Amino acid sequence: MRLKASINIFGLLAAAVIGTVLFLIAFNRITIDTDIVRSLPTDDPVIADGIHLFEKNPIKDRIAIDIGSDSEDLARLVSAAEMVEARLIQSDLFAQVGTQPMQQGLTDLADQVVRNLPVLFTAGELQRQVTPLLTDEAIRQTLTRVRDELYQMDGIGQAAAMAADPLGLRHIVLARLAALNPAPGATIHRGRILSADRHHLLILATPAGSGTDTTLARTLAHFFQDMEKEVKQEFGSGITLTPTGAFRAALDNQTIIKRDVNRAILWATVGIGVLLLAAFSHPLVGLMALLPALAGTVMSFFVFSLIHDSIAIMVLGFGGAIISITVDHGIAYMLFVDSGGQQASREVRAVGLLAVLTSIGAFGVLAFSGFAVFEQLGLFTAMGIGFSFLFVHTVFPRLLRSYPQGAPPARRHFSRFVDRLASTGKAGLAVAVVTAVVLAVFIRPHFDTDLKAMNSVSRETRSADDLMTRVWGDIFSSVYLMTEADDLNSLQEKNDRLLEYLDTEIHAGSIETAVTPSLFFPGSVARADNFRAWRQFWTDGRIREISGKFIREGASLGFTYSAFAPFLQMLAAAPPDPTGIPERVQPLLGISKDKGDGRWRQVTRITPRRLFDSQRFYSRMSDICAVFDPALFSERMGQLLFGTFMKMFLIIGISLILLLMVFFADAGLLATAMLPLAFAFVCTLGSLGLMGRPLDIPSLMLSVIILGMGVDYSLFMVRGYQRYQRFDHPHFSVVRTAIFMAAASTLVGFAVLIGADHNLLKSAGLISFFGIGYCLVGALLILPPLLNRRFERPPADPGDIARRYRNMEPYPRMFARFKLRMDPLFGELGTLVPKKIDIANILDVGCGYGVPACWMADRYPGAIIRGIDPDPERVRVAALALGNRGRIVRGSAPDLPSMDVLLDLVIMLDMSHYLQDWELERTLTCIQERLLPAGRLVIRSVLPPSGRPHWTWRLEHAKLNINGQKACYRKPAALRAILEKCGFKVLSSRLSGRREDMVWHVAMPI
């Protein structure tokens, strides 16, 4: 085929420049969001609590650095840790480094504990933990240990602590901090946490910015890479440096998904390009088919940037897939052009409009998912599909100023392959049924809603996390509680209540002992209760008894009576004055003040035990604090996802069925069109079951998309049959090739995602590849034999006019049905046309959809019906309905088509008001010349509106204004005069219909 100046080069360059400018504007306006957590729904309180706690937890950005050694060389390990800490401090990248603040906090906490012992014990703790310390033997051992420590250590602070607390009650209180120990057996060595095997030191550091800030994360990654090299150079390969924290996951997600995005767009474009070159006879024509998809994507990106400030990076990850999704209309358009079609836009619009609406609806319903990232994906893709469709029918025709010249090219091997695949008939149908039955056996619906599937990390990050878990314990299975208040005193009051609840759970055996600030700094109520218990425990008799024991046992060990005076005085003294929580102690107890909203928050880590009940624990705790329980969070997320997407699936399914009922207006055809979709869902679930893959979050999300996209191929096939009525129609072959090309290009886009490193993109690619692929197979194997049987089987009653329209598109079918039932035309026309049945030639001027022509064909079995109409769609439908009984051509009065026969009958129904007087006179003159002497002209004309016009008049008037036409209504006398002027004798005139707003004229040539 030879193209002759078919491409508007200037228009193409203008479109490219405009597209580039819009893309750059959008790119500069919008930010790319890599935080997947923000996409989670917050309607459910469990999920809202988890997200809130994660966002406000001050330690979420903390970095843990493991310094490991392959041998028990503690000196070298400490030296390496000292060097690492020095580099961390020198870098200015961290707001806090090391455990020195923790040590300072412990010192301050110990001082506070000694001064506040009377308010730090409950009645039960005094009986269980203090009473055993009051025996003679226990006091002797305690004082002996204190004496030995005083001999070994020089410091007035130690002596003062002994005097204030000779029983060592402070150690009982400070032992409550044991739950903060990151791992069993870990100890503090020279201000650092040492693992039980003495092969690892843990350094904690808080970055100066947010750990999820990918710019900072990239800087931190480079810093740790350089420092790791420096450590190895200084201490050898036996010392390892392993940093972990949120910065690694944030950077990995961005790096991985960007790499996947670039690879997906590149290979999807290359793959689609190869497909286009294989399907088209001219390479440039194939590449032009990409333009609507690219233009639609750019326009969608631009409009999206005007609506939103940020876009999730996962949405961009679908860029290659979205291009392949929206490429189908460009492919169909160019296939019609490549086949020599002169009305490519009209054919694509007629066959593909319903598919566009269903695809937009399927993606648009994601806006109600409750997931921000999928709401963005739905909006972005729906707009991309819509803009692509608009580009095809507005801009594209102007870029192709003329069509390929010469005869249509020979069918390519690609098209023949598609036609052969769709022609397998009953054999193909049997293969599809057997495949569905076999795969149905493997359906194992299992839902996996683990949020880890929504993030991906590198192999190195996964290894680092495994090391931290193995050495320092799995903190990810812990439950976290966060209390909040406007001031520190209110926070202490809340923590008092929290401690009561937790004590109950601890005694019930559902959780391990937890650390809360109220254990060391009780609120006013708890202070009063504890001091009351203290006074009840330390009765005057017990004080005298303990004083005697201290004097007796102390004297034998060299202590004077005054050495214990501060403690003995405290036993009977007034309660200590309330003190706030020292600033250096607050981080140790998980307390912080938010710099943004100024609220005080405290985070408590809970370790569940065997009897732990997640739902009961949440119900009890949620009224005073936010709760994040990973197990309950995942369970509730699964329930929410399943419920939400089942609801969405039902909504889009019902909407799709209603939409198809409107467009098909045929329950049988609707059921047939849905069969490939049912086949695809069965086979997809079976394939996933065969692979052992569960239905994860992306699978649930994309099930709605597959429903809307996959049905497109069925709709193209059914609309193709409705439009062309037979399988071997040349245009129908183009439609089938377009179906295959659209599906293949979409499969290329999703197949690329199967190889993605990001879990979410990989899962999305897999489920979409299976779903779309099986939808294509179902459309090509299941539909043709079923539709062939319906569309190509001759009607049982050829005389039934309505059955001539049974397999056509809904509008002409419904038009014919209502025309036959509601219009008085056919009841009246029978009395006006000749009774004899030997009429040979009939002309219908302005035949419309051909219903009166079919009526004539039924009334006069031997007649040849000729019709003329200016609208190509009405000509096409009328020609299909009339079949071999005549010929319908495109044209308009007064330019009637030439004929080599004279006419027995001419009808002009409801169209004379579209003609001006001179046009009507010229038309009637031409008809008069072609009528046999005994021929008849039957006209039904529309009368001018009188009084208050009917609503149909207003509708007709609006239509005429839109088309730029002017109606020329005539009274019966005026039309009669024109007929006589043109050589007709009017035989009769009569009003038509109940409204009497139309009039019949029957005339014959003079």
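**Strands, helices and exceptions**

Me: Which residue in β17 stands opposite R866?
Reply: The model is a predicted one. Strand β16 covers residues 864-869 and strand β17 covers residues 886-890. Across from R866, the residue in β17 is R887.

Me: What is the bridge partner of G867 in β17?
Reply: Five bridges hold β16 and β17 together, and the two strands run parallel. One of the residues with a partner in β17 is G867. That partner is I888.

Me: Which are the edge strands of the seven-strand sheet?
Reply: This open sheet has the order β17-β16-β15-β18-β19-β21-β20, with mixed pairing. Neighbouring strands are turned by 15 degrees against each other on average, direction ignored. An edge strand here pairs on one side only. The edge strands are β17 and β20.

Me: Which helix packs on the sheet and touches β19, β20 and β21?
Reply: Another helix, α36 (residues 851-859), lies across β15, β16 and β18. α36 runs at about 150 degrees to β18. The helix touching β19, β20 and β21 spans residues 972-981, and its direction makes about 160 degrees with that of β20. It is α40.

Me: Where is P894 found?
Reply: P894 is joined to A893 by a cis peptide bond, with omega about 10 degrees. Most peptide bonds are trans. P894 sits in the loop between β17 and β18.

Me: Which strands stand at the edges of the four-strand sheet?
Reply: The four strands form an open, antiparallel sheet in the order β11-β12-β10-β13. The twist from one strand to the next averages 20 degrees. An edge strand has a single partner, so one of its sides is left without a neighbour in the sheet. The edges are β11 (591-593) and β13 (626-628).

Me: Which residue in β12 stands opposite A485?
Reply: Strand β10 (residues 479-485) and strand β12 (residues 600-606) run antiparallel. Seven bridges join them. Opposite A485 is W600.

Me: Which helix packs on the sheet against β10, β11 and β12?
Reply: The helix spans residues 488-508. Its direction makes about 145 degrees with that of β10. The helix is α22.

Me: Are α24 and α25 roughly parallel or roughly antiparallel?
Reply: The axes of α24 (residues 540-557) and α25 (residues 565-572) come within 11 Å. They cross at roughly 175 degrees. Angles over 145 count as roughly antiparallel. α24 and α25 are therefore roughly antiparallel.

Me: How many residues in the contact of α24 with α25 are nonpolar?
Reply: From α24 come I543, I546, S547 and F550, which meet F567, L568, L571 and A572 in α25. One contact residue is polar and none is charged. The nonpolar residues number seven.

Me: What is the phi of Q725?
Reply: Most residues other than glycine have a negative phi. Q725 lies in the loop between α29 and α30. Q725 is not a glycine, yet its phi is positive, at about 70 degrees.

Technical notes:
Residues are numbered from 1 along each chain as its sequence is written. This is a predicted model: local features need pLDDT of at least 70, side-chain atom pairs count only at pLDDT 80 or more; totals for chains, interfaces and linings use all residues. Side-chain values use heavy atoms; hydrogens and water are left out. Two strands pair if DSSP finds at least two bridges between them. Axes are lines fitted to C-alpha atoms, for helices over the stretch in contact, and angles run from 0 to 180 degrees between N-to-C directions. Angles under 35 degrees count as roughly parallel, over 145 as roughly antiparallel, 65 to 115 as roughly perpendicular and the rest as oblique. Contact means heavy atoms within 4.5 Å. Ala, Val, Leu, Ile, Met, Phe, Trp, Tyr, Cys and Pro count as nonpolar, Asp, Glu, Lys and Arg as charged, and the others, Gly among them, as polar.
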